[in-house]
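This briefing goes through one protein chain, topic by topic. Please have the sequence and the coordinates at hand while reading.

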Amino acid sequence: MMVALDGTIVAIANPAIQKDLGATFADVQWITNGYFLALAVALITAGKLGDRFGHRQTFLIGVVGFAAASGAIGLSDSIAFVVTFRVLQGLFGALLMPAALGLLRATFPAEKLNMAIGIWGMVIGASTAGGPILGGLLVQHVSWQSVFFINVPVGVIALVLGIVILKDHRAENAPKSFDVVGIALLSAAMFCLVWALIKAPEWGWGAGLTWTFIGASVVSFALFAVWESKVEEPLVPLALFRSVPLSAGVVLMVLMAIAFMGGLFFVTFYLQNVHGMSPVDSGLHLLPLTGMMIIGSPLAGAMITKMGPRIPLAGGMLCTAIAMYGMSTLEAGTGSGLMSVWFALLGLGLAPVMVGATEVIVGNAPMELSGVAGGLQQAAMQIGGSLGTAVLGAVMASKVDSDLPENWADAKLPPLSEAQLDQAAEAVQVGVAPVPPKAPPSVADQITTVAHDTFMSGMGMACLVATGVAVVAVFVAFLTKRGDNAEAGAGVGHI
């Protein structure tokens, strides 16, 4: 819950942090980027640590480190310290996530694993979607520091319960050594890829720097693959990917995250900047999404146990595609009722995918690699989220850049210079109307109408691309099947 919550709760606190610490916009971006970058780079290595030393120990260290880093952020008096401790938060969060899945896999027998992952998915989904609501309440009524301090008591409770309840499961043929070269190559590849995706909107998709990092990532991945095929105990045995269902599960996780994270990125701007809602109100409007994920995840677990993952996964992605198409039809004046229908359908579609794709990835991996499989699942989600935000952001920017000059001219507004038009387009991309300070009310209304209509056309195009991604995922879902190795789950001895 802590890791998923901190992925979204902090976005609400960013303006208050910026004002209180006198940070620049670029500094504030690093509060989020530093966290996601550390998380994405370290997840698979962290999963390997759990496989090697035991998931219980890894989980408890992750809990203590995450809570301590959170408390340190709350006590920080400079943006440099905030960003540094956010990176540490991401690293300890990377220890937590795969270890949690490894513990579930080892604890529950095959017939109960899907329900367990369903409850896990419910917590992740509710925390991700509930972050803006809780963040809004804390920032509005307490302070931005409280957004981080809240993790300290949660961490203490998790530590105490973890020591009392969790059992240490070790696979008999757990890895005995570390693939240091593999860790370095994979970390470099993940860093270059996620860094390129984070910076592409600022540098431009055609910029040499963007493609330098993408190229470095491809080369690092290629070298990693070559090394893994030669080393005795590889970090990620490439034989894992001979399992078509496991590979399909990883691809499905990436596609789901592109559609979900990318689409949700614009929805918050739509609710706050176009509809003028407060952070708390916009969070409350997302309750149908959160609610359906909470209800749908355990139900999806039961359904997958009964009929296998293919139909629930394909059905879930079909619901997601329909929801994203519905969101592409939203207008500046759309009422809360219709919005809620599409948000609820999106939550209903995501629940079986979160649960089913996780079970497919973890269940199709050998028991001794359950941590690496958990890391793969989480890394796929992080990469998909970064890719969705970057690619759909580029689609939005392109649509706004092409539509704004024409819409501005059609409204017979005073002509803008090229520099002014660029500034206006940047504002419109996040749903803000670029109204000059002393503009007459009639002109201000016209500019607002043009800005919001142009934003809606950009968001509509981005949601249509997300619809296409979800449709592709429907077909990928048919390549999945129940984990061949799921039966190994609860048969492992306790140490």
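The model is predicted, and its mean pLDDT over the chain is 81. Its largest nonpolar core has 121 residues, and its second largest pocket has a volume of about 870 Å³.

**Confidence**

- A pLDDT of at least 70 is reached by 94% of the residues.
- Confidence is highest in helix α13 (residues 310–328), with a mean of 92, and lowest in α1, with a mean of 75.
- The pLDDT falls below 50 over residues 486–495. In the model this stretch has 28 contacts beyond near neighbours in sequence.
- Where pLDDT is low, predicted coordinates should not be read in detail.

**Nonpolar cores**

- In the largest nonpolar core, the residues that touch the most other members are L252, M256, Y270, M327 and M459.
- Helix α10 (residues 244–274) contributes the most to this core, namely 18 residues.
- M256 makes contacts with M317, L350, V353, M354 and M381, when neighbours within four places in sequence are set aside.
- Another core, of 17 residues, lies apart from the largest one. A23, I73, V147 and F148 are among its members.

**The second largest pocket**

- This pocket, with a volume of about 870 Å³, is lined by 26 residues.
- F59, A100, L104, W120 and L166 are the lining residues closest to the pocket centre.
- At least two lining residues come from each of α1 (2–21), α3 (55–75), α4 (79–107), α5 (110–141) and α7 (151–165).
- By residue class, the lining consists of 22 nonpolar residues, three polar ones and one charged one.

- T45 is part of helix α2 (residues 25–53). Its relative accessibility is 14%, so T45 counts as buried.
- Beyond neighbours within four places in sequence, the contacts of T45 are I183, S187 and L235.
- T58 belongs to helix α3. T58 is classed as buried because its relative accessible area is 6%, under the 20% limit.
- With residues up to four places away in sequence left out, T58 touches A46, L49, G50, L95 and A99.

- G374 sits in helix α15 and has a relative accessible area of 0%, so G374 is buried.
- Contacts of G374, leaving out neighbours within four places in sequence, are P98, L101 and V362.
- The C-alpha atoms of G374 and P98 are 4.3 Å apart, although the two residues are separated by 276 residues along the chain.
- I383 is also placed in helix α15. Its relative accessibility of 15% is under 20%, and therefore I383 counts as buried.
- I383 is in contact with M190, L193, V194 and L197, neighbours within four places in sequence being set aside.
- Between I383 and I79, which are 304 residues apart along the chain, the C-alpha separation is 26 Å.

**Exposed and partly exposed residues**

- K412 is located in the loop between α15 (370–410) and α16 (418–428).
- The phi angle of K412 is near 55°, a positive value in a residue other than glycine.
- The relative accessibility of K412 is 74%, which is over 50%, so K412 counts as exposed.
- D281 is found in helix α11 (residues 279–285). With a relative accessibility of 37%, between the limits of 20% and 50%, D281 is therefore classed as partly exposed.
- D281 and G136 are 145 residues apart in sequence, and their C-alpha atoms are 8.6 Å apart in space.

Notes:
Residues are numbered from 1 along each chain as its sequence is written. This is a predicted model: local features need pLDDT of at least 70, side-chain atom pairs count only at pLDDT 80 or more; totals for chains, interfaces and linings use all residues. Side-chain values use heavy atoms; hydrogens and water are left out. On a 1 Å grid over the protein atoms alone, a cavity is a set of points where a 1.4 Å probe fits but cannot get out, and a pocket is an open set with protein on both sides within 12 Å along at least five of seven lines; lining residues have an atom within 4 Å of a point. Grid points are joined across faces, edges and corners, and a volume is the space filled by probe spheres set on the points. Helices (H or I, at least four residues) and strands (E, at least two) are DSSP runs, numbered from the N terminus. Ala, Val, Leu, Ile, Met, Phe, Trp, Tyr, Cys and Pro count as nonpolar, Asp, Glu, Lys and Arg as charged, and the others, Gly among them, as polar. A nonpolar core is a set of buried Ala, Val, Leu, Ile, Met, Phe, Trp, Tyr and Cys residues joined through side-chain atoms within 4.5 Å. Buried means under 20% relative accessible area, exposed over 50%, partly exposed in between (1.4 Å probe, protein chains only). Contact means heavy atoms within 4.5 Å. pLDDT is the predictor's confidence in each residue, from 0 to 100.
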